[in-house]
Amino acid sequence: MHKVDQILKQAKKIAIIGLSPDMSKDSYIVGKYLQEMGYIILPIYPKEEFILGEKVYRDIKEALDVHKPEIVVVFRKSEACQSIAQDVLCANFLPKIFWMQLGIYNQIAKDMLMSRDIFVIENKCIKIEHQKILGEKND
């Protein structure tokens with residue numbers, strides 16, 4: 001996980017696919033935490049204009065092309081990850097990490113992304129890993 005440590009320490013922007021405006025949802029809690037830790041978050045969501053004070057993008061390709069986030073975090077069903085991976089690979093900018101949150105796996109998406117040198121993490125929470133790596137304590 002050395003590569004993850006390094007990227008989490010150096011990253012400035014994180015795109016979050018499925019970042020809900022609902023404050024009780026895990027995606028919102030994680031997005032708010034990342035924002036509080038100093039990251040610029042890029043919400044990807046089908047509705048809303050702003051979430052956590054940030055402009056919402058309808059698709060990952062637009063966010064990648066405009067903002068160049070180092071990390072893409074996915075809060076969607078495992079089945080959606082192949083299509084998301086295809087969208088990521090069609091963008092003009094490729095992130096360093098494609099992060100599938102707890103309970104999310106997709107081997108086809110993983111293989112596609114890894115073939116383009118994108119580091120893939122499955123079934124892990126970026127908030128929990130960030131707290132482990134950087135020693136942040138924040139519930």
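1. Helices (H or I, at least four residues) and strands (E, at least two) are DSSP runs, numbered from the N terminus. On that scheme, Asn 123 sits in the loop between strand E7 (119–121) and H6. Its phi is near 55°, a positive value in a residue other than glycine. Asn 123 is partly exposed, at 27% relative accessibility. Buried means under 20% relative accessible area, exposed over 50%, and partly exposed in between (1.4 Å probe, protein chains only).

2. A word on the basis of this note. The model is predicted: local features need pLDDT of at least 70, side-chain atom pairs count only at pLDDT 80 or more, and totals for chains, interfaces and linings use all residues. Residues are numbered from 1 along each chain as its sequence is written, and side-chain values use heavy atoms, with hydrogens and water left out.

3. Leu 52 is another residue to check. It is not a glycine, yet its phi is positive, about 55°. Leu 52 lies in the loop between strand E3 (50–51) and strand E4 (54–55). With a relative accessible area of 19%, Leu 52 is buried.

4. Cysteines next. The structure holds zero disulfides, a disulfide being a pair of cysteine sulfur atoms within 2.5 Å. Cys 81 is in none; the nearest cysteine sulfur, that of Cys 125, is 15 Å away. Cys 81 is buried, at 0% relative accessibility. Cys 90 is in no disulfide either; the nearest cysteine sulfur to it belongs to Cys 81, 16 Å away. Cys 90 is exposed, with a relative accessible area of 52%.

5. The largest pocket has a volume of about 190 Å³. On a 1 Å grid over the protein atoms alone, a pocket is an open set of points where a 1.4 Å probe fits, with protein on both sides within 12 Å along at least five of seven lines; lining residues have an atom within 4 Å of a point. Grid points are joined across faces, edges and corners, and a volume is the space filled by probe spheres set on the points. The lining includes Asp 26, Phe 75, Arg 76, Cys 125 and Lys 127. Helix H2 (26–36) and helix H6 (126–134) are the elements that give two or more residues to this lining. It divides into seven nonpolar, two polar and three charged residues. Here Ala, Val, Leu, Ile, Met, Phe, Trp, Tyr, Cys and Pro count as nonpolar, Asp, Glu, Lys and Arg as charged, and the others, Gly among them, as polar.

6. The second largest pocket holds about 160 Å³ of space. Of its 13 lining residues, Ile 17, Ile 44, Arg 58, Arg 76 and Ile 84 are the closest to its centre. Helix H4 (residues 81–90) gives the most to the lining, with three residues. Seven of the lining residues are nonpolar, two polar and four charged.

7. Ser 78 is in the loop between strand E5 (71–74) and H4. Ser 78 is buried, at 17% relative accessibility. Its side chain reaches the backbone nitrogen of Tyr 105 at 3.0 Å. Leaving aside neighbours within four places in sequence, Ser 78 is in contact (heavy atoms within 4.5 Å) with Gly 103, Ile 104, Tyr 105 and Asn 106.

8. Glu 70 lies in the loop between helix H3 (60–67) and E5. Glu 70 is buried, at 15% relative accessibility. A polar atom of the Glu 70 side chain lies 2.8 Å from the backbone nitrogen of Lys 13. The C-alpha atoms of Glu 70 and Leu 94 are separated by 7.9 Å, though these residues are 24 apart along the chain.

Methods: A polar contact is a pair of N or O atoms within 3.5 Å; within protein, one must be able to donate a hydrogen and the other to accept it, and residues adjacent in sequence count only if both atoms are side-chain atoms.
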